[in-house]
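Keep the viewer open as you read, and pick out each residue as it comes up.

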Amino acid sequence: MINRIIRASLENRALVLLLAFMLATVGAYSVLHTPVDALPDLSDVQVIVRTPYPGQAPRVVEDQVTYPLTTALLSVPGATTVRGYSFYGDSFVNVLFADGTDPYWARSRVLEYLSQAAARLPEGVRPALGPDATGVGWIYQYALIDRTGAHDLAQLRSLQDWFLKFELQALDGVAEVATIGGMVKQYQVVVDPLRLRGYGIPLMMVEQAIREGNQEVGGSVVEMAEAEYMVRATGYVKSIGDLERIPVMATKDGTTVLLRDVAEVRLGPEMRRGIGELDGEGEAVGGVVVMRNGDNARDTIVRVKAKLDELRAGLPEGVEIVTTYDRSSLIKRAVDHLQGKLLDEFLVVALVCLVFLFHVRSGLIVVIVTPIAVASAFIVMRAQGINANIMSLGGIAIAIGTLVDAAIVMIENVHKKLEHEPDESRRMEAIYAGCREVGPSLFFSLMIVALSFLPVFTLEAQEGRLFAPLAYTKTYAMVAASLLSITLVPVLIWYLVRGRIRPENSNPVNRAAAAAYKPFLQVALRYPWAVTAGAVLLVLVTLWPASRLGTEFMPELDEGDLLYMPTTLPGLSTDAARSLLQQTDRLIKTVPEVERVFGKAGRAESATDPAPIEMFETTVMLKPRDQWRPGMTPEKLKAELDALVKLPGVSNAWGYPIKTRIDMLATGIRTPVGIKIMGPDLATIQQLGQQIEAIVKAVPGTTSVYAERTATGRYVDIDIDRVAAGRYGLNIKDVQDIVGSAVGGMTVSYTVEGLERYPINLRYPQDFRDSLEKLRQLPIVAPTGANVTLQDVARVEIADGPGMIRSENARPSGWVFVDIHDRDLGGYVNEAKARIADELTLPAGYSLGWSGQYEYLQRAVERLQLVVPLTLGIIVLLLYLNFRNARDVGLILFTLPFALVGGVWLLYFLGYDLSIAAVVGFIALAGVAAETGVVMVMYLEHSWAERRARRRREP
């Protein structure tokens with residue numbers, strides 16, 4: 001069949017050229033319009049559900065919101081993991097789906113199950129889906145600052161929330177713009193409980209008065225003087241004065257009690273769970289641009305930057321927008337580097353062809369065919385939704401060296417035919433004969449190279465998403481090259497291989513190469529068994545360094561910027577977090593290679609960022625490498641920073657922005673190794689975590705280890721006495737409402753000030769709630785008119801409890817974060833596992849799970865152990881179909897181990913661990929070795945057949 005295709009192509013040359021031109025045109029369009037990013041999106045298909053429950057403790061949030069949602073969402077079709085986080089005032093539920101699930105189908109199914117679970121949630125609590133993006137979509141960050149001091153954090157926050165945010169969210173490709181830090185302006189109604197007692201006004205009456213005094217309604221229309229007038233009854237609060245004049249009640253003598261008579265109304269900051277800090281100089285308001293899933297990161301960032309340049313003109317004098325993270329610089333570096341390498345490869349390939357073929361027009365064939373094969377890969381990439389990144393472009397880079405082989409071998413074989421065929425009338429037959437001799441074997445060899453990547457296609461989860469673009473693009477390029485080798489190449493040979501074809505030995509480069517190779521070949525043929533034994537011995541010796549190679553998932557990718565994510569003790573106050581954040585940022589900024597430092601404590605206003613206040617994320621923008629100190633490397637820089645930022649109670653962890661967020665989204669673990677402890681009781685989980693922390697700390701290679709303190713939050717428990725409350729006409733809910741409003745503060749309404757909206761908060765003065773005794777003496781006006789205190793109807797005590805609650809598949813869990821250095825991942829985990837098994841006894845009902853990058857490594861190894869033998873079997877079948885000879889198949893397979901020897905020794909001498917990336921490289925190398933073996937065996941058989949034919953012709 002392949003020979004018929006070659007013949008048909010030579011007979012329909014114009015049609016082949018036309019189709020090739022169309023393919024090149026569509027390919028060029030695809031190259032220019034393929035989305036570009038630095039890395040493939042490694043995040044799982046997931047849907048994030050955020051449910052605000054203001055003022056509620058983590059235990060309340062877990063019991064009333066997170067647990068009902070996680071149990072309901074466990075039944076969502078295709079869901080693999082349901083991970084819950086219960087924070088103060090917020091619940092986050094991450095639903096992770098199986099690979100290949102359509103993200104919008106997943107969102108619709110989660111919405112379906114949320115509607116079923118809504119009836120089980122407290123009144124007024126409404127879950128909402130996060131944006132159609134993940135934390136990996138954090139492509140650009142900026143900070144708003146005013147160095148003149150004319151604008152405070154509340155004003156900067158208003159500019160971000162009501163000016164910049166909506167303008168940026170309207171851009172194509174932007175899913176969300178999240179705000180970090182600052183102060184939200186809040187109208188605070190601080191009620192005097194003694195005045196309420198004097199007037200006999202329950203707190204709930206004040207709350208109702210505020211709600212009813214801040215609204216507007218329409219009154220349909222009226223007709224006057226043959227015109228229609230729309231009726232509107234105004235009533236929105238627009239100032240402190242409007243709030244103060246809201247009537248609360250009227251006394252019997254007709255006196256109106258206004259809000260100002262029982263409360264002080266003032267402006268102040270809303271309670272916050274996130275802080276932003278810039279360069280150690282003080283707080284700043286930050287913004288995070290979150291890209292929509294699957295969009296073009298580079299183009300989206302360009303649009304964001306252009307829009308921010310426009311919006312700068314509308315900012316008040318003195319206010320600046322400072323870039324704190326920009327992924328486009330990484331994208332540009334990565335893509336430019338690979339594009340440069342691809343261009344270098346094209347030039348080297350063209351030069352090699354010209355030098356060895358010694359025929360300029362013959363070299364042009366390779367120069368024409370190679371870009372068309374690459375462009376063909378981009379056509380399928382764009383149709384499949386694969387963006388151009390370091391992995392997909394890397395696959396093309398790996399393929400280039402291989403995909404030119406077929407064209408070179410075919411051209412060289414035709415050269416040999418034309419050398420001995422001076423008759424121009426028989427030129428077509430000579431070209432066909434030269435292509436026919438090698439065409440089938442070349443086609444099969446390229447198919448074998450493509451099939452050698454079958455194990456990569458079978459990888460799943462993060463490792464599959466990481467290497468699939470590389471495998472796809474390499475395979476697409478190889479398939480295109482194999483098809484072009486039997487269609488376009490023969491046609492180009494017809495048009496370009498003309499004139500005098502010099503014999504191979506007339507090329508001085510070929511003569512020199514043959515002269516250097518001939519002595520080795522003669523020795524090998526003279527002493528075949530000795531050479532074979534030596535080669536086998538070399539393979540056996542190579543087993544020694546192979547057994548000493550460590551294992552890891554992936555070598556670290558230098559993203560150009562760093563992410564500092566230390567672990568601090570739980571229960572950190574907002575003020576303490578702000579002070580510690582500023583201290584660490586100031587220390588980091590002193591390093592000469594650091595351009596800018598933007599720290600975040602707590603969470604951004606986004607469902608993609610479930611973080612407690614004690615969780616720090618500091619983005620460290622680094623200067624260009626040419627501005628670094630001589631001899632400084634990323635590893636040395638991280639070591640210097642780690643030694644510099646040493647603070648009590650802080651466990652350092654240094655990583656890269658994209659990679660760290662990917663790991664956190666996939667497993668929740670932000671360090672290379674994580675241990676998840678699951679069981680029913682958080683206190684027991686904490687004890688087990690502390691025991692594991694002590695055990696793992698002694699394992700060689702441990703940089704830092706921290707076990708979450710899952711039960712060390714501090715609570716003020718108010719245990720209501722139902723009988724005592726009932727004597728005063730109070731129910732449980734009545735007391736709880738008073739506690740929620742008076743102590744916790746309740747947002748009872750929102751002002752409408754043009755386009756801006758600000759909360760109105762109701763609570764008691766600080767003096768009535770800043771100690772346990774004052775809380776016990778909290779005044780309450782009962783419905784019966786009785787004046788009582790909180791201790792009359794409840795017991796008020798301090799207790800311990802969880803500061804944050806994590807769960808996985810509805811089971812409470814605690815995590816141990818482990819950072820390692822100078823140790824391979826697989827060897828470290830194996831030793832740590834053995835020590836924990838020897839020194840720790842798990843109670844009944846508790847389990848341990850190892851997570852982080854180790855989880856990916858283990859899963860990939862298990863899959864490769866299954867698929868690699870299967871792939872070898874398929875390759876053996878293809879080889880047999882080509883040669884129809886078990887001896888030749890065995891010969892080619894026998895050569896494969898020898899091809900890997902150099903790679904193993906190089907890894908050993910360079911001190912590299914055996915990673916999935918290295919395994920993929922060895923797979924590519926084995927494919928090339930198989931292709932080389934096919935070509936060698938093919939030529940040897942042709943030579944042997946010609947020699948037999950000559951002997952038969954001799955008298």
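## Helix α25 and its end

In this predicted model, helix α25 has a set of buried residues: I732, V735, D737, I738, V739, S741 and A742.

How far apart are the end C-alpha atoms of α25? They are 16 Å apart, which agrees with the span of 16 Å that 12 residues (732-743) should give at 1.5 Å a residue. After the helix comes G745, with a positive phi near 85°.

## N94, a buried polar residue

Is N94 buried or exposed? N94 counts as buried because its relative accessibility is 3%, and the cut-off for buried is under 20%.

The N94 side chain has a polar partner: it makes a polar contact with the side chain of Q46, at 3.2 Å. Setting aside neighbours within four places in sequence, the residues in contact with N94 are Q46, V47, I48, T81, V82, R83 and Y85.

## R4, an exposed residue

Helix α1 (residues 2-11) holds R4. With a relative accessibility of 61%, R4 counts as exposed, since the cut-off for that label is over 50%.

Follow the chain 432 residues along from R4 and you reach R436; the C-alpha atoms of these two residues are separated by 9.1 Å.

Which helix gives the largest share of the patch? That is α11 (residues 327-357), which supplies five residues.

V509 sits in another part of the chain, in helix α18 (residues 508-526). Its relative accessibility is 31%, so V509 counts as partly exposed.

## Two loop residues with positive phi

Finally, have a look at two loops. D279 lies between β13 (274-278) and β14 (285-291), and its phi is near 55°, a positive value in a residue other than glycine. D279 is also buried, because its relative accessible area is 10%, and buried means under 20%.

A810 is in the loop that links β30 (805-808) to β31 (811-820). Here too a residue other than glycine has a positive phi, and for A810 the value is near 70°.

Key. Residues are numbered from 1 along each chain as its sequence is written. This is a predicted model: local features need pLDDT of at least 70, side-chain atom pairs count only at pLDDT 80 or more; totals for chains, interfaces and linings use all residues. Side-chain values use heavy atoms; hydrogens and water are left out. Helices (H or I, at least four residues) and strands (E, at least two) are DSSP runs, numbered from the N terminus. The expected span of a helix is 1.5 Å times one less than its number of residues. Buried means under 20% relative accessible area, exposed over 50%, partly exposed in between (1.4 Å probe, protein chains only). A polar contact is a pair of N or O atoms within 3.5 Å; within protein, one must be able to donate a hydrogen and the other to accept it, and residues adjacent in sequence count only if both atoms are side-chain atoms. Contact means heavy atoms within 4.5 Å.
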